[in-house]
Amino acid sequence: MLCGGLLYPSSADAAPREEPAASERTDRARKFPFSLFQRKKGKGRRGAKRRRGRNKPRPPPSPDGGIWEWVEELGGEIPSPDQAEAMREARADEVAEQTVGDHLGGRPPPEDFYVDPLAALTPDPLMLDQVEAADFDIPIDINPWVETWVRYFTEGRGRLSYKGWLNRSTRYQPMMLEALADAELPKDLVYLSMIESGYRPQAFSSAKAAGLWQFIESTGKEHGLRIDWWVDERRDPELSLGAAIRFLGRLHRQFGDWRLAWAAYNGGPGRIRRATANAGSDDFWTLANGDHLPSETDNYVPKIMAAAIVGRYRDRYGFDRLKPQPELRYDVVKVPYSVSLAAIARAADLSSDVLVELNPALRRRATPEGGYAVRVPVGAAETVSAALKAIPKAQRVAFARHKVRRGDTLAEIAAQYGVTVADLKGANDLRGDTIRVGARLLIPVVGERAVATAAGSQRVHVVAKGDTLSEIASTYGVSLADLLAYNDISDASRIFVGQRISLQPRVHVVVAGDSLSKIGARYGLTVEQLLASNDISDPSRIFVGQEIRLDGAQAAPDPWETYVVKPGDSLGKIAMAYDVSVADLRSWNELSGSVIHPGDQLKIKVR
């Protein structure tokens, strides 16, 4: 099955408005792009743009320290070597094209009307006089802007890049052409993806745009893409294609002209609306030849046209001896639980590298909590579906849960599970360092490492359909007798879907001032029960740090909460927020005065 059967927008949703008839202004732009009036008035504006272009910060070069240099840019994600190489190539293209754009943006239009008759007999080396508008379903203009980019794509560094793009185009264009036709959009829009990413799903720009269509996070989410700690669907060739179709269709309906729609795709619809209003014109070339748009957007439209010209007439420009990549094809299997791609590959006897390549959206090389639709090689769906049932449940765990206890901090929890604080924040959508007692944090430990981590942490198993207590006990390395005791269950056959099964005995860690009578009162147990459960003969002989088993006890809610002091906080403000007194705060935290500092942790008894 090609493309996993994604449903694309209907023509009613995405069909563009009919392109307006060519005006006298557009005809003049095609034949002679700058009028005399524009030349005489335009010098100052072009000079201003030239200065602006020179001052514009260039994209940062790609990190040269290997894979790990990309980790910070990717929000803690560790890229594969292939992914790092794709990002490095895309960044190099970005820097090289910025140089060309700055040069073009600062070059005034030609002023000499005289044409040497002999020079006129010399064939155009770029063969732009042979370009036929009828060969394209997008607007194609011939002017110095387009000429510069055709020259770039056919010479030097630009030629090497374009050859690589053509090699990769055979992998992704068939999917794109089919979807664009279904949406009744121009098929030559494939060249927009070409100049955006070079057909690299893992491309990641200095502006943090990602994927074949280079969506920034906010625009991607706006058009239905999932972007979180586990998944970045901007990288998914099929899903990002659907989002691009929706976005481009909307932009063309809004502006009625593909040139302006492309400019809006690059610079944002609001910027294009303001530019047309300020210029008093909805002609893109009027905007580009004036000081109305950034240099990048000025060059974006001619770059698309140039890429389409070179791609359409590739033989004329000597692009032969290509090494076309095979068309992207796959089947889709719904994986209902969280598991690493490596575990799926082992169970189904597939290459782990192939699964990673087919699923670039899975940032952690694992399916997220709740499962995900995984792309597998064509013909492997049945094998993978059968293998999923055979994967041991312990290997399915790709995350753990941690219940925040009094005194916990993000740094301590991260150290306990061998992850970073940034990972914890990303997985739980935390903006600051404040965590509340009783909250359950998702611990982003991927693959088999989560099993070992889980064995030493306070965890529960939620009963699923088909589960038995003996199976659960075997999966987590706990005896059935202990599991019955931990959960006060007398009949092992009486469990139900959704029931939370404690995998470890509930314990209380003794703190200063504790006594067995206090502990018993808190958990609804007698001193005699605690003595029997813990083989204690003398109730006065307990010590700080000792773990007291609470078999069968139902712990009362922890009344304490940890509050991390923020800038601007005072004891009075905190006391008012929690409906307690300043005296209470001082007493609970052994404070002699009212001085507190950002980052301090205060114990607060919740009433």
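Colleague: How far apart are the closest N and O atoms of Arg329 and Glu327?

Modeller: This is a predicted model, and the distance comes from its coordinates. Arg329 is partly exposed at 42% relative accessibility, and Glu327 is partly exposed at 32%. A salt bridge requires a side-chain nitrogen of Lys or Arg within 4 Å of a carboxyl oxygen of Asp or Glu. Arg329 and Glu327 form such a bridge, with their closest N and O atoms separated by 4.0 Å.

Colleague: How many salt bridges does that rule give?

Modeller: Side chains of opposite charge can pair when their charged atoms come close. Some of the bridges are joined up: Asp141, Asp257 and Arg259 are linked in a network. By this rule, the count of salt bridges is 13.

Colleague: How many residues apart are Arg375 and Asp236?

Modeller: The side chains of Arg375 and Asp236 meet in a salt bridge of 3.2 Å, N to O. Both Arg375 and Asp236 are buried. Arg375 belongs to strand E2 and Asp236 to the loop between H9 and helix H10 (237–255), so the pair links distant parts of the chain, with a separation of 139 residues.

Colleague: Is Tyr199 buried or exposed?

Modeller: Tyr199 lies in the loop between helix H8 (190–197) and helix H9 (217–222). Its phi is positive, about 60 degrees, although Tyr199 is not a glycine. Most residues other than glycine have a negative phi. The relative accessible area of Tyr199 is 0%, so Tyr199 counts as buried.

Colleague: What is the phi of Arg365?

Modeller: Arg365 is located in the loop between helix H16 (352–358) and strand E2 (372–376). Its relative accessibility is 29%, so Arg365 counts as partly exposed. Arg365 is a residue other than glycine with a positive phi, near 55 degrees.

Colleague: Which residues does Thr154 touch, leaving out those up to four places away in sequence?

Modeller: Thr154 is part of helix H6 (residues 144–154). With a relative accessible area of 13%, Thr154 is buried. Not counting residues up to four places away in sequence, Thr154 touches Leu126, Arg159, Val310, Tyr317 and Phe319.

Colleague: How is helix H15 oriented relative to helix H17?

Modeller: Two packed helices are described by the angle between their axes and the distance between the axes. The axes of H15 (residues 341–348) and H17 (residues 381–390) come within 9 Å and cross at roughly 105 degrees. Angles of 65 to 115 degrees count as roughly perpendicular. H15 is therefore, relative to H17, roughly perpendicular.

Colleague: How many of the residues in the contact of H15 with H17 are nonpolar?

Modeller: On the H15 side the contact is made by Ile344, Ala347 and Ala348. H17 contributes Thr383, Val384, Ala387 and Leu388. Of these residues, none is charged and one is polar, and the number that are nonpolar is six.

Key: Residues are numbered from 1 along each chain as its sequence is written. This is a predicted model: local features need pLDDT of at least 70, side-chain atom pairs count only at pLDDT 80 or more; totals for chains, interfaces and linings use all residues. Side-chain values use heavy atoms; hydrogens and water are left out. Axes are lines fitted to C-alpha atoms, for helices over the stretch in contact, and angles run from 0 to 180 degrees between N-to-C directions. Helices (H or I, at least four residues) and strands (E, at least two) are DSSP runs, numbered from the N terminus. Angles under 35 degrees count as roughly parallel, over 145 as roughly antiparallel, 65 to 115 as roughly perpendicular and the rest as oblique. Contact means heavy atoms within 4.5 Å. Ala, Val, Leu, Ile, Met, Phe, Trp, Tyr, Cys and Pro count as nonpolar, Asp, Glu, Lys and Arg as charged, and the others, Gly among them, as polar. Buried means under 20% relative accessible area, exposed over 50%, partly exposed in between (1.4 Å probe, protein chains only).
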